[in-house]
Amino acid sequence: KVLQFWDLCGCSARVVTVPPGPLIRVEGQPVSIRCDVKEYTGPSEQDFEWNMLKDAKGQKTKIISSFDSRYSDQMYSKRVASGDISMVRLQDNEVELKIAEVKLTDAGFYECQTPSTDYVISGNYMAQVQLTVIPNTLKVSPKTPLPVISEGSDLTLSCNVTRELIHPTYLSVTWSVKKGTTSEEILTFGPQGDVVTGSRFARRYADGGIRLVPGRNGVFELVISRMTTSDEGNYECNGTEWTHESGGNWIKIAESTKEMGTVAVTPTEPNFTLTLVADVNPQTTAEPTELACRVTNIANLPLGGRLGVSWEHTSLPGLGDDPQTSHPIGSLDANGNLLPGSIYMERMKSGALTLSRVQPNTFKLRILRTQEIDMGQYVCSVSAWSVNSQGDMVKTSENRSSPLTVRWDAKRPIVNVVAKRIREASVGGSTFELGCSVTTQNIGDAGYSVLIQSQDSLDSTVRTIMTLSPDNVVQHGGATDPNRRDNLVLTKSGAAEFRFRLAGVQLSDRGYYWCDVTAWTKQQPGQAWTKASSSESNKIRINFLENGPSFSIAIKSDDSSVYPWETAKMECSLSVSGSSPKTDDLAYEVKWFFTRLRGGPAAVQVASVDRFGVVRKINRNSSSDTRTNTMTVITTSSVVSSDSGEYFCSVTPWYLSASTGAWTEAQELTSSKVFLAVKFAVWDSLKLPLLYGASASLGVGLFSLVLGLVCAQCCCRNTAHLPRSRNKLMDLEMD
């Protein structure tokens, strides 16, 4: 019935739990045993009682209670009153029994009991755990290390950790170093045979700088290699005894720490000798330079130590901005990392200057093409690097070499440019051609950039016409008219020769022309050009006078007299002298005039042709025709008697000026006069009309005669013959 009621109320049985045993502890060490209760009813805060039994079913001895201060037995009352034994409430349903210093007589079974607050008694109200107390046999015996060692030497820390194996317990050993009040663990070995290093020594242990050497009979050795000054301090050895309880928990049951001694590290700087020599010494500008910094007689370099180098340069007086200042060229650290100086960074990137380690103890500085600014004193500084306690490379010492002077007789690069006239521009529209020859000294292989420059007079502003880069790229200057760029040509005609051509010169092109040439060199193929020197040539002048072309006019006629029905042909021709323009650059305005009387003052315009080729005629003779070609104007006409008189032509030439580029009107020209006579002959005028009239009369008469005969024969003839009647009167009547 009780069980049925308990099931109906939905409750479960009370459960009291303690840690699984047995619990192994060391005499004199603190002990803690926890107890909790679950699945109970009543108030949330539960009471606890602790009892001790020598065996699992022996007599109980009361230790302490949470609600009864007089609960303790006489043998525990003093210890409870002194606080050696106490109970601490952790939660409403959990407490902890504490023994400050456990004794061998405290070994036994400890029972945790909870008074009932349940409606129905169910479950367990007590739980037991066995406590085993063993004697403290843990011993830690360190070996005192050397108090002073040299930097770079190895330090061996030996520690003997033992205990009597009464119950299955485990040991661990820990080394630490103390500096002032701060202690830092180096390495821990155990209790499971694993190794745990301190954060500052993890990398050093991984690199082999710290080694653990387990020995026999509890002897453990820790070897610290390559000691540095940062490893100084008071070293300690700690031994710990452990037990492995049910549930997989490791419990520390005993511990002992002993000082091993203070270790001081005497710094020992590496010693070595530096020798700086010039393996390749330049004799002139643009030759290579090679300096070698050799390290010899190396001593006290720690194991794993390395060498680094840095280079410095000091300019000679007059070659640098501040000859007293040393400029860093670059450096190589212990790991071979290159750190270029700011002034030499671009040269190192291009490969014109290199720093290298050709042997472990030899460093080299190479300059591919030495310049004048590279003259001066060079110094190499070699630094020694060692591994610190963190496993990082740190600089420990540095030595400087004696200065080495690199100098030669400076022969400055010289560029000479000579300009000469290839083609003379004597008139507008002609072609001007200029040639420039370049000679150099103390430069070697070079490329050239050319600027064609001009000025109207020797004291006027200089204009840049065209440019040619060392890579043969042509560009027009800002003074070039975009419409005339096709007339400008700049070419490289030889290794050091250049030509400039200006076609169709104009009056605005008059002035002085010359070449401005700059010599460039390269440190090595594929790199940027470096300016060596520059120079200007002599000046060539373009100077001409623009007079324009000269024209002359002539007139002629095929016949001086014609008959009225014939055609008269007159030709007005022009000739050009001086600077003859092109055919497409000429045009004319032509006018024809006529006077009836020889030498008469009144001239009548017959026809005209404007400079665009449009013909205009005067309405006096529809049969006249006018046409032109390049230099000739021809007029033809079917002549009548009124066309008799004097003829002449007037021409106005137009030409495209080569000097100005505009159409220009020349002076009007008038030709001489030619007289055209129209003949008049009476017989010649009448013979044809008389011949035509006689022929027509004769023809008409013959035609009339033939027509009469035909009519008489066909219409009036009587074909039947009748005899004449005797009656004459009748015949007459009939007639």
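Okay, a rule to start: a charge sits over a ring if NZ of Lys or CZ of Arg is within 6 Å of the ring centre and within 35 degrees of the ring normal. In this predicted model, the charged end of Lys 539 does that over the ring of Trp 514, 4.3 Å from its centre. Arg 611 lies over the face of Trp 654, at 4.0 Å from the ring centre.

Some housekeeping. Residues are numbered from 1 along each chain as its sequence is written, and side-chain values use heavy atoms, with hydrogens and water left out. As the model is predicted, local features need pLDDT of at least 70 and side-chain atom pairs count only at pLDDT 80 or more, while totals for chains, interfaces and linings use all residues.

Now, ring on ring. Rings of Phe, Tyr and Trp (its six-membered ring) pair if their centres lie within 6.5 Å; planes under 30 degrees apart are stacked, over 60 edge-to-face, the rest tilted. That rule gives 7 aromatic pairs. Take Phe 189 and Phe 220: they are tilted, 5.7 Å centre to centre with 50 degrees between the planes. Phe 189 is in strand β14 and Phe 220 in strand β17, so this pair ties together parts 31 residues apart in sequence. Strands here are DSSP runs of E, at least two residues, numbered from the N terminus.

What about Phe 593 and Phe 648? Their ring centres are 5.1 Å apart and their planes at 15 degrees, so that pair is stacked.

Technical notes
Helices (H or I, at least four residues) and strands (E, at least two) are DSSP runs, numbered from the N terminus.
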